[in-house]
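Have the sequence and the model open as you read.

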Amino acid sequence: MALSCILAAPLGAGVSYVESSSGLDTPTLDGGYTEVEMADVDRDGNIDLVSVGDHGNPWIGTDQHGVIVWFGDGKGAWIPFQFGDFGYGGIAVGDVNNDGDLDVGYGIHHDYGAGDLGDQILEVALGNGTGRAWTPWDDGLATNGETYGMFGSDFADVDGDGDLDLGSISFGCCSGVHVYLNGGDGSWLQSFGFLGGNARQEFVFGDVNGDGWPDLAVSHEDGTVYVGDGNGGFALADSNLPAGGIFGRVGVSLGDVNGDGRDDLAWARNGGVAVWIRNANGTWTDFGAGLPTSGNWAATQLWDMDGDRVVDVAAFGGGLAGVWKGSGTGSWTPLATFTTPAPGTYSAFRVGGDADHNGLADIALVDEEGGPFNSQNQLHFYREASTPAVLAVRFVRPGPAATLRAGSVRFVEWASAVPPGSLPGQVSLAYSLNGPGGPWTPIAVDLPDNGRHQWTVPDAQATHNLRLAIRLVSGTKRARAISPRLTLAPGHP
């Protein structure tokens with residue numbers, strides 16, 4: 001696929017997108033759902049795309065196999081690489097053994113690996129910092145009745161012990177939802193899970209009650225939102241949410257749309273787009289004025305797409321992608337739309353990475369295109385099309401009023417705008433327990449400017465005035481930002 005012209009026309013002041021899919025037509029895809037993540041697996045400062053492919057992985061009428069990485073060049077072009085003989089499912093990316101290299105966790109249907117890698121339907125594999133080799137680190141996973149196929153997967157430190165744990169959902173019926181604790185030595189122990197019921201493919205961690213312990217949302221008929229207890233246990237917390245369908249709520253995502261420190265829920269409801277906020281008392285309130293109430297929408301993402309520090313909503317389905325600007329008060333304004341070739345059936349949808357360092361989030365999606373007898377999945381990437389004039393940086397997550405637990409792992413995410421012709425950026429992070437005046441304690445220095453750092457929150461005194469600082473350096477130019485006020489809460493003794 002060659003670089004194309006701008007496909008998205010903004011409907012108001014805001015964002016527009018240009019397709020940047022050169023290199024994404026290899027390997028050939030097949031059909032069915034998949035999951036694509038954006039992460040800098042080779043630590044060169046540019047985001048890559050990571051997947052375990054769709055129904056054709058491995059080798060079923062396609063040239064897919066194993067973990068697929070499309071390495072980004074920082075300009076919107078991609079170079080594919082594959083490793084292993086397994087696939088079809090969902091994937092998560094994070095550093096599970098705290099060695100500084102990104103690892104993967106995945107739920108798969110085709111567990112065809114001849115050796116230890118790829119012979120279970122739920123696995124974790126260690127990376128070596130290149131994105132070109134993966135080593136199994138998966139003892140104890142998929143040992144609690146998961147017999148058919150796992151899918152959407154995510155990492156979070158659900159028990160606050162300083163390492164990432166793994167959650168995953170099955171697809172169809174009937175292997176359910178499962179969360180496994182990281183033993184730190186390649187062993188895993190289930191802390192929460194159930195079997196049975198119909199499901200789609202979404203599983204995502206967040207913090208819906210704002211207490212600093214990870215919660216989760218899934219597309220399952222038995223319920224959507226589960227609140228974590230900080231020890232690996234979870235309890236259903238749908239409260240007054242409207243009923244889901246036979247596969248539960250589809251296209252679910254989490255994000256804090258009103259800046260109160262609690263993640264809120266978006267999903268595709270009756271073909272429309274729904275956003276409901278989580279209240280302090282555990283109930284939910286419809287927050288979706290201005291969003292479509294019908295259509296072919298099938299997936300959502302909550303992210304600050306236009307850089308105004310207020311979370312927006314993006315959605316895709318039926319060959320149409322849309323972005324709506326969030327006001328933070330419950331009203332939404334169209335920002336941009338673009339189309340993909342017919343029928344454009346949703347297979348994967350992800351936003352948040354910034355392939356070209358212009359400071360605004362990009363969009364990756366997989367959709368099924370073609371006629372009834374020759375349809376096939378296609379992976380597309382759409383860069384936000386603006387060009388920055390000055391060097392700038394801002395925090396994305398943790399968002400305003402978020403709570404962090406001492407001793408736990410959190411992801412710090414930022415967006416940097418680097419003007420064309422500038423040297424690649426490097427990032428340094430620090431924290432203050434006493435507000436924006438400091439003193440500042442370093443977190444990390446001279447990081448690649450890839451938008452994400454995995455941080456073990458310090459075991460320090462509790463405070464409601466935690467701040468993070470970021471410094472971006474490009475050649476002789478500097479940019480700096482300070483986060484909104486955060487809460488540092490006690491971790492486990």
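Does Thr403 count as buried or exposed? Thr403 counts as buried because its relative accessibility is 9% (buried is under 20% relative accessible area, exposed over 50%, partly exposed in between; 1.4 Å probe, protein chains only). This is a predicted model: local features need pLDDT of at least 70, side-chain atom pairs count only at pLDDT 80 or more, and totals for chains, interfaces and linings use all residues. Residues are numbered from 1 along each chain as its sequence is written, and side-chain values use heavy atoms, with hydrogens and water left out.

**Thr403**
- Thr403 sits in strand β31, residues 403–405 (strands are DSSP runs of E, at least two residues, numbered from the N terminus).
- Leaving out residues up to four places away in sequence, Thr403 touches Asp207, Gly210, Asp211, Gly212, Arg410, Thr487 and Ala489 (contact means heavy atoms within 4.5 Å).
- The Thr403 side chain reaches the backbone oxygen of Gly210 at 3.1 Å.

**Aromatic pairs**
- The whole structure holds 19 aromatic pairs (ring centres of Phe, Tyr and Trp, its six-membered ring, within 6.5 Å; planes under 30 degrees apart are stacked, over 60 edge-to-face, the rest tilted).
- Tyr88 and Phe151 pair edge-to-face, at 5.7 Å centre to centre and 90° between the planes.
- Tyr88 is in strand β7 (residues 87–94) and Phe151 in strand β11 (residues 150–156), 63 residues apart.
- Both Tyr88 and Phe151 are buried.
- Trp267 and Trp276 have ring centres 6.3 Å apart and planes at 40°, so this pair is tilted.
- Tyr88, Tyr148, Phe151 and Phe171 form one aromatic cluster.

Terms used. Helix = DSSP H or I, 4+ residues; strand = E, 2+ residues; numbered from the N terminus. Polar contact = N/O pair within 3.5 Å; in protein donor to acceptor, adjacent residues only side chain to side chain.
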